[in-house]
Structures are given as structure tokens and as C-alpha cells.
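I opened the model today to check a few places by eye and by number. My notes follow in the order I looked things up.

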Amino acid sequence: MKTYQVYAIGTALLDTEYDVSDEFLVQHQIAKGQTTRLDSEGLSQLNQALNTAYAPKICCCGGSAANSVIVLQNFGGQAYYTGAVGEDAAGDQFLHSLSEAGVGYNQQVRHADGYTGQCVVMLTPDAERTMNVGLGVAADVSFERLDQNALADTEYFFIESYLASNPNAVDAAIHARQITEAAGGKTAMTFSDPLMVIQYKDALADILGAGVDLLFCNEVEAREWADSKNLQDGIRELRALTKTLVVTLGADGAMILDADREIRIAPHRVKAINTNGAGDNFSGAFLYGVTHGMSFEQAGELASLTSASVVAQYGPRLRSEQYQAIRRMC
């Protein structure tokens with residue numbers, strides 16, 4: 001039996017979340033509903049403007065893969081994480097959050113040159129999330145930062161698409177796949193954000209290689225992969241790249257497709273006040289399910305309930321006791 005259910009690599013970001021008005025976005029020329037990259041000066045200016053007008057609601061460690069493994073850990077799984085943070089207060093806070101959740105990590109995550117990445121999440125009254133990201137050192141996930149022993153001792157190696165923006169991180173992901181699969185493990189990947197599919201499809205294709213065991217995406221990402229307005233075009237192309245494809249459909253639930261069947265997962269109706277973290281919670285809960293004896297139907301139900309719960313409150317994750325309550329329901 002493997003020590004870890006999931007070893008994830010990702011862009012380590014300190015998430016700070018604000019409620020803002022639509023007028024604030026217009027005033028500061030921020031593209032609503034999109035993810036925008038900022039340099040250090042732009043990030044500093046945005047933080048100054050936000051902290052002048054609003055108080056942050058949430059500040060915690062984040063990034064797509066980090067959110068997912070913390071979800072898995074809170075359900076009772078065992079996870080390991082590799083990213084890159086600076087030797088600064090934000091980096092200390094990020095690693096403290098991982099430790100507090102029980103997620104393992106290696107000391108190579110500290111980076112002497114540069115600042116810890118930050119994701120500023122702005123939520124408008126319609127629950128739409130707008131993200132501005134200052135990557136700092138977050139994308140600098142090289143092969144040397146990986147723990148090869150832990151990779152060989154995991155059931156699933158899990159990759160987020162944000163790594164595709166850095167050639168060194170792409171190389172690290174490819175080599176980590178090889179180590180994991182040579183030791184009998186599997187590979188899972190999440191597309192994380194439609195913008196990554198649009199801008200870095202070639203790099204994502206390199207990471208996917210001949211195919212992965214499990215691929216998560218949402219409806220928009222699937223369509224963008226096929227450069228089509230038709231979801232079925234995206235599904236057809238992506239099914240050729242994975243043994244199991246999981247497509248989240250927002251308020252319409254999700255579908256799970258493998259070589260033989262298509263499983264529909266019903267949605268859980270809630271009043272959404274925050275879409276931040278929905279996909280990450282879905283993938284983390286699903287990975288917990290499939291590594292703990294659940295069928296695809298059961299894992300999908302757990303994931304659907306988890307993602308519905310997180311959009312009904314602020315923050316990218318639930319409290320530990322909330323995850324345990326959901327687990328008892330499923």
C-alpha cells in the first residue's frame with residue numbers, strides 16, 4: 001500500500017479574497033470574470049487600492065492543486081505537495097497552512113530569490129469571481145524540487161494546468177509522471193482555468209502525453225480544447241487523452257466518462273455567493289473517493305456535494321468539520 005493517495009505539484013499562491021463592487025472593477029480597469037497576471041508593481045498597486053476600500057474576508061494558502069490536496073486531507077486522506085514559495089512572511093503563512101492541514105511537503109519549496117505568489121480574488125454581488133495573480137516564484141517548480149521517494153510512494157500524481165506557463169514546470173511534471181507510473185502509480189490532471197487551455201494548449205498536450213488516467217475540466221475548458229462551441233466536440237477530443245474524463249457543469253452537475261459509459265452526477269441546489277474553489281473542491285473530493293474504495297458514482301456524489309457547499313460560503317475551502325459532515329452524508 002502506498003503512503004500517499006495524492007502527490008500534487010502546483011503554483012503555490014497565498015489567496016486573499018475581497019467582496020467588491022462592479023464599479024471598483026470598472027474604476028481600476030479590471031476585466032470581470034477573468035484571470036489576469038500582474039507584475040510585482042501591479043500587484044502592489046492593486047493591494048493598496050483594495051485595502052483602502054475594503055477589508056479582506058479570507059487569507060489562506062491556495063493555488064488549484066494545493067486546494068485539492070487540502071480537501072483530500074480533510075476528508076481523511078494523505079497528501080504530499082510540492083510548489084515554490086519565497087523566504088518571506090507570505091511563504092511562512094502558506095507552509096503553516098499546509099502543515100496545519102496535515103499535508104506533507106519537502107523543504108525544497110523555499111526559494112531565496114523572489115516573493116511568494118499571491119492570488120487576489122474579487123467577488124462581485126452576482127457571485128462572479130475575478131482573479132488577479134502575481135506569480136512571484138510560484139511557477140518555478142523544477143525537477144530538483146520534487147521528492148522522488150514520495151512520488152514513487154503515491155497512488156496518484158496530480159497536476160494543475162497553471163504549471164503549463166513555465167517550461168521548467170512542464171519538464172518537472174513530465175518527469176514526475178514517469179517516476180510515478182514506473183512505480184505503479186497513476187496520473188491525474190486538472191485544467192484549472194479556461195485561460196490556460198487557450199494560451200498554453202501545446203504545453204498541456206506535452207504534459208498529457210499519450211494520455212492520463214484521470215482528467216478534470218469544466219464545460220468551458222472542454223469547448224476551448226476543441227476550439228468549438230459544442231461541448232461534445234471537446235468531450236470527444238479529451239476522451240482520447242484520458243482513461244476517465246470528469247466534466248463539471250456548474251448548476252447542471254457533472255458527467256464522468258470512461259471507455260464504456262457515461263455517468264451523470266446530479267447537482268445540489270444552493271444559493272451561490274462565491275464560485276472560488278468549486279472545481280478544486282470537486283477534484284479533491286473525487287480523488288479522495290476513488291482512492292478510498294468509492295465507485296465513480298459515489299465519488300461524484302461526494303464531489304458534487306462538496307463543491308456545492310463551498311460555493312455557498314466565502315473562501316476556497318470548507319472547515320475540517322464541514323468536510324467530515326459531508327463524508328458522513330455520503
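Is G284 buried or exposed? I looked it up first. G284 has 0% relative accessibility, so it counts as buried. I note here that the model is predicted.

**Entry 1: around G284**

I placed G284 in helix α11. I then listed its contacts, leaving aside neighbours within four places in sequence. G284 is in contact with S68, V71 and L72. I also checked G284 against Q324, which is 40 residues away along the chain. Their C-alpha atoms are separated by 14 Å.

**Entry 2: the nonpolar cores**

Which residues have the most contacts inside the largest nonpolar core? I found Y81, F94, F286 and L287. This core has 45 residues. Helix α3, residues 64–75, gives the most to it, with seven residues.

I then went to F94 and again left aside neighbours within four places in sequence. F94 is in contact with A12, L13, L14, C61, G62, A66, Y81 and V85.

I also found a second, separate core, of 39 residues. V170, V197, L241 and L257 are included in this second core.

**Entry 3: helix α12**

I ran along α12, residues 296–311. The helix has 16 residues. From first C-alpha to last it reaches 22 Å, close to the 22 Å expected at 1.5 Å a residue.

Which residues of α12 are buried? My list reads A299, G300, L302, A303, S304, L305, T306, S307, A308, V310 and V311.

**Entry 4: α9 against α10**

Two packed helices are described by the angle between their axes and the distance between the axes. I took both values for this pair. The axes of α9 (residues 219–226) and α10 (residues 231–239) come within 7 Å. They cross at roughly 75 degrees. Angles of 65 to 115 degrees count as roughly perpendicular, so α9 is roughly perpendicular to α10.

I wrote down both sides of the contact. From α9 come E219, A222, R223, W225 and A226. From α10 come L231, D233, G234, E237 and L238. By class, this contact has five nonpolar, one polar and four charged residues.

Most residues other than glycine have a negative phi, and most peptide bonds are trans. I looked for residues that depart from the phi pattern and noted two.

D227 lies in the loop between α9 and α10. Its phi is near 50 degrees, a positive value in a residue other than glycine. D227 counts as exposed because its relative accessibility is 69%.

S192 sits in the loop between β12 (186–190) and α7 (194–199). Its phi is near 70 degrees, also positive in a residue other than glycine. With a relative accessible area of 14%, S192 is buried.

I turned to I30, in the loop between α1 (22–27) and β3 (35–37). Its relative accessible area is 12%, so I30 is buried. Not counting residues up to four places away in sequence, I30 touches F24, L25, L46, M122, T130 and N132. M122 is 92 residues from I30 in sequence. From C-alpha to C-alpha the two are 10.0 Å apart.

Where is E144? I found it in the loop between β10 (129–134) and α5 (148–151). E144 is exposed, with a relative accessible area of 62%. I checked E144 against Q108, 36 residues away in sequence. Their C-alpha atoms are 8.0 Å apart.

**Entry 5: I174**

My last stop was I174, in helix α6 (residues 167–182). I174 has 26% relative accessibility. Buried means under 20% and exposed over 50%, so I174 counts as partly exposed. Not counting residues up to four places away in sequence, I174 touches D206 and I207. I also took its distance to V20, 154 residues away along the chain. The C-alpha atoms of I174 and V20 are separated by 39 Å.

Conventions:
Residues are numbered from 1 along each chain as its sequence is written. This is a predicted model: local features need pLDDT of at least 70, side-chain atom pairs count only at pLDDT 80 or more; totals for chains, interfaces and linings use all residues. Side-chain values use heavy atoms; hydrogens and water are left out. Axes are lines fitted to C-alpha atoms, for helices over the stretch in contact, and angles run from 0 to 180 degrees between N-to-C directions. Helices (H or I, at least four residues) and strands (E, at least two) are DSSP runs, numbered from the N terminus. Angles under 35 degrees count as roughly parallel, over 145 as roughly antiparallel, 65 to 115 as roughly perpendicular and the rest as oblique. Contact means heavy atoms within 4.5 Å. Ala, Val, Leu, Ile, Met, Phe, Trp, Tyr, Cys and Pro count as nonpolar, Asp, Glu, Lys and Arg as charged, and the others, Gly among them, as polar. A nonpolar core is a set of buried Ala, Val, Leu, Ile, Met, Phe, Trp, Tyr and Cys residues joined through side-chain atoms within 4.5 Å. Buried means under 20% relative accessible area, exposed over 50%, partly exposed in between (1.4 Å probe, protein chains only). The expected span of a helix is 1.5 Å times one less than its number of residues.
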